[in-house]
Amino acid sequence: MGVGTVELSVAPARARRSTGMLIGLGVFLLLAATQAYSISISTPDRDMGHLQKIMYVHVPAAWNMMIAYFIVAIASLRYLWKGREKDDLLAAAAAETGALMTGLTLALGMIWGKPTWGIWWTWDARLTSTAVLFFIYVGYLILRAFVDDPDRRAQWSAAVGLLGALNVPIVYMSVRWWRTLHQVQSSPSTLDPNYTLSLRINAIAVMIVVLFFIRHRYQTMQLEAAADAMHERIALGDRGGINA
Amino acid sequence: MSGNVEGRKRATLVVAVVIVLGAFGYLLYGGLDKNVVFFLTPQELLAKGTQVEDVPVRLGGMVAPGSVKWDADKLDLRFVLMDGVKTVEVHSKGAPPQMFRDNMGVVCEGRFRNGIFESTNLMIKHSEEYRAPKPGQTPQEMYKEMFKTLKQDASS
């Protein structure tokens with residue numbers, strides 16, 4: 001275990017990095033294309049005109065954060081069950097992406113709310129539960145940043161990750177369980193056909209972006225974990241650790 | 001031996017997580033009930049009588065067609081909110097949001113005083129319908145759904 005090993009492991013990582021960049025570029029071009037197409041085919045809404053188009057990012061972000069948190073829940077449960085580092089890293093990658101999508105949902109919701117509802121924010125059940133979801137996962141990321149011991153970090157994160165995921169069905173059902181300012185879910189019967197088509201293709205494009213983010217962060221975190229393990233070995237005098 | 005300790009630790013952790021999840025779930029699913037409403041309908045407000053006289057409350061419904069009186073010089077707005085059962089007269093200062101019009105869903109924050117709702121904050125409640133305008137279609141149709149739910153809530 002010398003310097004040679006370190007150099008050898010850099011080459012595949014570099015190759016993976018350029019593949020990742022290519023995939024990333026493709027993914028974002030796809031999203032740009034679906035956005036451009038949707039905007040071009042969507043006639044202005046009778047109430048809010050062009051503001052309706054915020055739907056094509058707000059709603060896909062909200063749907064896909066649910067996918068991300070579902071992955072967090074499954075990976076966290078598997079970690080608690082089997083104790084494998086890989087599951088912890090997958091949960092962390094999905095939680096990061098989920099928090100990003102929730103933040104995007106909230107930000108776009110506020111930007112949409114001001115000109116249509118007349119307010120940036122209010123404390124109805126849908127908005128409040130979404131804000132709680134956001135803060136739980138921001139807390140999750142802060143927790144990970146502050147705990148150094150990988151095992152403890154993984155166990156605590158799994159608990160918080162599961163707790164947060166419990167909130168997801170509440171967020172989704174909030175508009176039906178409680179009387180809120182936010183309207184209930186739209187469906188193809190309450191949308192013009194070209195709005196439905198636009199929403200669907202953008203939801204798929206954002207899903208591909210989300211899966212790309214999760215995959216990319218998962219790989220990066222695995223490399224970081226491997227680098228940490230290598231540093232530890234070197235610090236222990238190159239003897240392969242105490243178990244050797 | 002060390003495997004045993006690890007196993008016990010893991011079991012304790014799993015039990016702890018289950019307890020915390022259970023408590024959290026109870027708080028959210030059981031502790032909150034249908035009474036968490038963002039606004040009262042005119043029917044509910046009137047039913048509460050003196051209980052809601054001059055206390056901060058939210059009132060929601062639809063703008064009764066033809067009831068809007070807007071004084072652009074004084075920025076003074078008067079209209080009637082309806083829920084399909086009862087109506088309440090609303091008084092508000094300042095320009096309403098752009099989407100404010102007849103039959104639009106509206107939620108007002110303010111106080112109910114001497115039979116008039118004094119609104120300090122006016123919000124639009126949009127329906128889940130998004131449509132391009134069609135010739136001959138009336139805006140009333142799009143609020144049918146919301147109207148229905150409000151009526152159901154009021155009668156339940």
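Two residues are in contact when heavy atoms of theirs lie within 4.5 Å. Keep that in mind for this predicted model. In chain A, take the contacts with a separation of 6 or more: residues 24 or more positions apart account for 76% of them.

Start with the overall make-up of chain A. It has six helices and zero strands. Along the sequence the pattern reads α-α-α-α-α-α. The chain holds 244 residues, and 45% of them count as buried. Its accessible surface comes to about 12,200 Å². Carbon and sulfur atoms own 70% of that surface.

Now look at one helix pair. Helix H4 of chain A covers residues 125-146, and helix H5 of chain A covers residues 150-177. Their axes come within 9 Å. They cross at roughly 170 degrees. An angle over 145 degrees counts as roughly antiparallel, so H4(A) is roughly antiparallel to H5(A). The crossing of H4(A) and H5(A) is left-handed. Which kinds of residue make up the contact of H4(A) with H5(A)? There are 14 nonpolar residues, seven polar ones and three charged ones.

Is Ile119(A) buried or exposed? The relative accessible area of Ile119(A) is 9%. Buried means under 20%, so Ile119(A) is buried. Set aside the neighbours of Ile119(A) within four places in sequence, and its contacts come from both chains. In chain A, Ile119(A) touches Met110(A), Gly113(A), Lys114(A) and Leu181(A). In chain B, Ile119(A) touches Asn121(B) and Met123(B).

Asp54(B) is not a glycine, yet its phi is positive, at about 60 degrees. Asp54(B) lies in the loop between helix H2 (42-48) and strand S1 (56-63) of chain B. With a relative accessible area of 35%, Asp54(B) is partly exposed.

Leu75(B) is the other case. Leu75(B) also has a positive phi, of about 50 degrees, although it is not a glycine. Where in chain B is Leu75(B) found? Leu75(B) is in the loop between strand S2 (69-71) and strand S3 (76-82). The relative accessible area of Leu75(B) is 42%.

Definitions and conventions:
Residues numbered from 1 in each chain as written. Chains lettered and ligands numbered in written order. Predicted model: local features only at pLDDT ≥ 70, side-chain atom pairs only at ≥ 80, totals over all residues. Heavy atoms only, no water. Helix = DSSP H or I, 4+ residues; strand = E, 2+ residues; numbered from the N terminus. Buried < 20%, exposed > 50% of the residue type's maximum accessible area, 1.4 Å probe, protein only. Axes fitted to C-alpha atoms, helices over the stretch in contact; angles between N-to-C directions. Parallel < 35°, antiparallel > 145°, perpendicular 65-115°, else oblique. Left-handed = near helix turned anticlockwise from the far one by under 90°. Nonpolar A, V, L, I, M, F, W, Y, C, P; charged D, E, K, R; others polar. Areas by Shrake-Rupley, 256 points an atom, 1.4 Å probe, with all protein chains shown as cover.
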